[in-house]
Amino acid sequence: MPAPDLDPRSENACNLLSQTINMVANEPSMGLFRIKEHCKKSARELVTAKLLLMQTDKATQGAYFDADYAVETVLELASARQNIQNSQSDVEKAIELKRLIDQRKTGGSQ
């Protein structure tokens with residue numbers, strides 16, 4: 001839904017543009033002076049907006065990279081499940097073998 005004050009703002013902008021074109025056509029030095037002053041005034045705001053946009057873009061790219069890296073890591077962890085299960089099985093076997101070795105040592109020395 002458009003902003004309720006959009007029509008008055010667009011009408012105001014059109015009137016100012018029309019006045020400027022009329023002034024440039026009828027009084028070139030005054031019209032060009034007005035355009036120059038407008039450019040001077042607007043340049044600071046435009047530079048500030050551009051810097052803010054560049055900072056936001058940099059932050060967004062960083063967040064995108066972090067999210068992309070996190071997704072890759074989660075997918076790699078999911079694919080590593082079999083390796084983790086194999087390692088767990090090997091550790092369980094090693095513990096059982098150690099228990100059997102300890103049993104034989106204590107059983108053989110008595």
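Let's start with a pair of charged side chains: glutamate 96 and arginine 99 meet in a salt bridge, at 2.4 Å from N to O. The term salt bridge here means a side-chain nitrogen of Lys or Arg within 4 Å of a carboxyl oxygen of Asp or Glu. Before going on, keep in mind that this is a predicted model, where local features need pLDDT of at least 70 and side-chain atom pairs count only at pLDDT 80 or more, while totals for chains, interfaces and linings use all residues. Residues are numbered from 1 along each chain as its sequence is written, and side-chain values use heavy atoms, with hydrogens and water left out.

Back to our pair. Glutamate 96 and arginine 99 sit three residues apart in helix 3 (residues 81–109), so about one helical turn separates them. Helices are DSSP runs (H or I, at least four residues), numbered from the N terminus. Glutamate 96 has 37% relative accessibility, so it counts as partly exposed; arginine 99, at 41%, counts as partly exposed too. The scale behind these words goes like this: buried is under 20% relative accessible area, exposed is over 50%, and partly exposed is in between (1.4 Å probe, protein chains only).

How many salt bridges are there by this rule? The count comes to two. In the other one, aspartate 102 meets lysine 98 at 3.0 Å, N to O. These two are four residues apart in helix 3, so they are also separated by about one helical turn. Aspartate 102 is partly exposed, with a relative accessible area of 31%, and lysine 98 is partly exposed with 47%.

At 47% relative accessibility, leucine 51 counts as partly exposed. Together, Val47, Leu51 and Met54 make a nonpolar surface patch of about 280 Å². Patches are made of residues with over 30% relative accessible area and no salt bridge, with nonpolar side chains joined within 5 Å and like charges within 9 Å.

Helix 2 also holds phenylalanine 65 and tyrosine 69, four residues apart, or about one turn. They form a stacked aromatic pair, 6.4 Å centre to centre with 15° between the planes. Rings pair if their centres lie within 6.5 Å, and planes under 30 degrees apart count as stacked. Phenylalanine 65 and tyrosine 69 are both exposed.

For a contrast, look at threonine 20 in helix 1 (residues 6–26). At 16% relative accessibility, threonine 20 counts as buried. Leaving aside residues up to four places away in sequence, threonine 20 touches Arg34 and Ile35, where contact means heavy atoms within 4.5 Å.

Terms used: Accessible areas come from the Shrake-Rupley method with a 1.4 Å probe; for residues, only the protein chains shown count as cover. Rings of Phe, Tyr and Trp (its six-membered ring) pair if their centres lie within 6.5 Å; planes under 30 degrees apart count as stacked, over 60 as edge-to-face and the rest as tilted.
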